[in-house]
Amino acid sequence: MNAFSPPGYAARKRVNEIIMGLCVAATALGLVWLFLILVTLLWNGISGVSLAVFTEMTPPPNAHGGGLLNAIVGSLIMTAIGIAIGGPIGLFAGTYMAEYGRHEKLTTVIRFINDILLSAPSIIIGLFIYGAVVVPMHGFSGIAGALALAVIVIPVVVRTTENMLLLVPQQLREAAAGLGVPRSKVIRDVAYRAAKTGLITGGLLAVARISGETAPLLFTALSNQFWSIDLTKEMANLPVTINNFINNPDPNWKRLAWAGALIITFAVLALNIAARSLSSRNASK
Amino acid sequence: MTDMTLPAQADSRASAANKQSVLEGLRTRDRAFFWLTRLSALLVLAILGGIIVSLVIGAWPAIKAFGFNFLTVQRWAPNAQPEPILGGLGPIYGTLVSSLIAMAIAVPVGLGIAIFLTELCPQKLRQPIATAVELLAGIPSIIYGMWGFFVLGPFLAEHFQPFMIKTFENVPVLQDVFKGPASNLSLFNASLVLAIMVLPFITSVARDVFLTVPPVLKEAAYGVGCTTWEVMRNVVLPYTRVGVIGGVMLALGRALGETMAVTFVIGNSFKISPSIFAPSTTISAAIASEFAEASDVHQSALILLGLLLFVLTFFVLAIARLLLMRAERRSGA
């Protein structure tokens, strides 16, 4: 047996075992964090989740009961507008990069800038919208919050649109073009259709990305204690409401904040998992 | 015969004109769609320009009032008389140090997970574990903040920090770095939360580039008797170096700008302390906690901090992208 083991082999083997052990430990650590965070959320949040959370308004301080209805509705409105504005812009920009300008220098530049915007600090987006929308409009507003979210949506959608359209086989486009179909129609009826699942995945990821965003809403939409769907006024939203309630000693507010945190996290994780399973189903096809 | 051909000719002439107008309409719509997409693409560049312009305009009063001293003064006194004294050194220091500590923790752990996933893990478990780690990136940052504040902070203050303080009590230099008292809110707590948050970015990039290593290279190394670690260190890591560094820079860019999680756990102190267990602040945390109530030059100084942060992250992310592009080109070639 010994003849097969070169000198120093035992030591090398031991080093290998130690480091591989550390790799296993690192993975365990990563999974433990996820598990701990989810357990903390369930532990603190589950008792606060009730029907009232979805049907009643945010309560004043030191009251009993109440819910998060205005915050949930405000978040839904701003997310919807953010996607409605940012989604098409991102889709068209990605379309240009993949379909018209595939070999242009401009596309390389835009892709580079877009990738930077994709990871840019979201609080900076908040400052940008504050300067560009809140100051000229003389006040915090729901539309400012929605625009901040739209700015976050655009790079996410641009990225997935371009990637997905690049995967569409060139022959499909050539076949359609050979029949005399105009280019814009080829893109809309052939390329988009072939890339449909991927494009939907991108949209889902964008929704997931913005539904938990707090920083860009802090000084754009602010928040609102009351029911308001007026887009030109401060608008209640779930993340900022959680932020305000959790930092308050009032136990009722704390309870609602944990309930809101639980709702938001599971909604975001569900969206992420849905997007993932959609794209992996597409890949295996 | 002539009676028959005349209407037919007229008909074909009319249909030709008709066809012409239909084609014309299609061409117009084609053009319109082209410009719609082109303008949307240019809008991406316009957003970047808009961010820079709006930050510079907002920061201008503070730039005029403080100039370069803003980078060297530590005192942050928005209500000082007669003039507010605002120096950005505290948050700049906090941003850099917290991110660096976070990277020091996250890089080895993230690479460890990537090594586990590509070399050790049973095939069946690879995808589920990779997905679980990536889900960490999906959790909203405010949730990390709450968890850090209510769970991690107290735990560290009760167990980890006293242990470190005691251990390094009589070691020169380190006794100042790990100086008490233990605190629920500290620079170190923020670093640890940041490390957990950027972990998925490092792991997923590292895993992707590890998978681009040609199996022949690894098999050759295994064939001459290398252990798994030796293959990783001498074959895989050198081969994927550029991509791994790109992933690390990407994570660093995220860590520098992370806001809500840090705001909850860092304690918002503008004073620079040598101890990592003391409260501190970062640029984004300072903006998040003060901006809504700030006015005039105070607000402008916060925007100036934001501008500095944006420039910093821009360069870090730009380097990350360039490295990743280089890695991609190589794996494609």
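Predicted model: local features only at pLDDT ≥ 70, side-chain atom pairs only at ≥ 80, totals over all residues.
Me: What confidence does the predictor give the complex and chain B?
Reply: The complex has an ipTM of 0.89 and a pTM of 0.89. Chain B averages a pLDDT of 87, and 95% of the residues score at least 70.

Me: Which elements of chain B have the lowest and the highest mean pLDDT?
Reply: Helix H5 (residues 174-177) of chain B has the lowest, at 82. Helix H2 (residues 89-120) of chain B has the highest, at 92.

Me: Why is the pair Glu230(B) and Arg12(A) called a salt bridge?
Reply: The rule asks for a side-chain nitrogen of Lys or Arg within 4 Å of a carboxyl oxygen of Asp or Glu. Here the closest N and O atoms are 2.7 Å apart, so the pair qualifies as a salt bridge. Across the interface of chain B and chain A the rule finds four salt bridges.

Me: How many residue pairs are in polar contact across the interface of chain B and chain A?
Reply: Eleven, counting pairs with both residues at pLDDT 80 or more. On the side of chain B that touches chain A, helix H1 (residues 2-66) of chain B gives the most, with 20 residues. By class, that side has 51 nonpolar, 16 polar and seven charged residues.

Me: How many residues does each chain bring to the contact, and what area is buried?
Reply: Chain B brings 74 residues and chain A brings 79 residues. The area buried between them is about 6,800 Å². Carbon and sulfur atoms give 81% of that area. In chain B, the residues that lose the most area to chain A are Phe33(B), Trp147(B) and Arg321(B), together 9% of what that side buries.

Me: How is chain B divided, and how far apart are the C-alpha centres of its domains?
Reply: Domain 1 of chain B covers 2-71 and domain 2 covers 88-332. Their C-alpha centres lie 41 Å apart.

Me: How do you know that domain 1 of chain B and domain 2 of chain B are in contact?
Reply: Contact means heavy atoms within 4.5 Å. By that test, 15 residues of domain 1 of chain B are in contact with 14 residues of domain 2 of chain B. The area buried between the two domains is about 1,200 Å², with 85% from carbon and sulfur atoms. Leu55(B), Phe70(B) and Leu71(B) supply 46% of the area that domain 1 of chain B buries against domain 2, more than any other three residues.

Me: What makes the side of domain 1 of chain B that touches domain 2 of chain B nonpolar or charged by class?
Reply: Between these domains the rule finds zero salt bridges, while four residue pairs are in polar contact, both at pLDDT 80 or more. By class, the side of domain 1 of chain B that touches domain 2 has 14 nonpolar residues, one polar and no charged. Leu and Phe are among the residues that count as nonpolar, so Leu55(B), Phe70(B) and Leu71(B) belong to that class.

Key: Residues numbered from 1 in each chain as written. Chains lettered and ligands numbered in written order. Heavy atoms only, no water. Domains from an automatic or database assignment. Buried area = accessible area lost by both parts, 1.4 Å probe. Polar contact = N/O pair within 3.5 Å; in protein donor to acceptor, adjacent residues only side chain to side chain. Helix = DSSP H or I, 4+ residues; strand = E, 2+ residues; numbered from the N terminus. pLDDT = per-residue confidence, 0-100.
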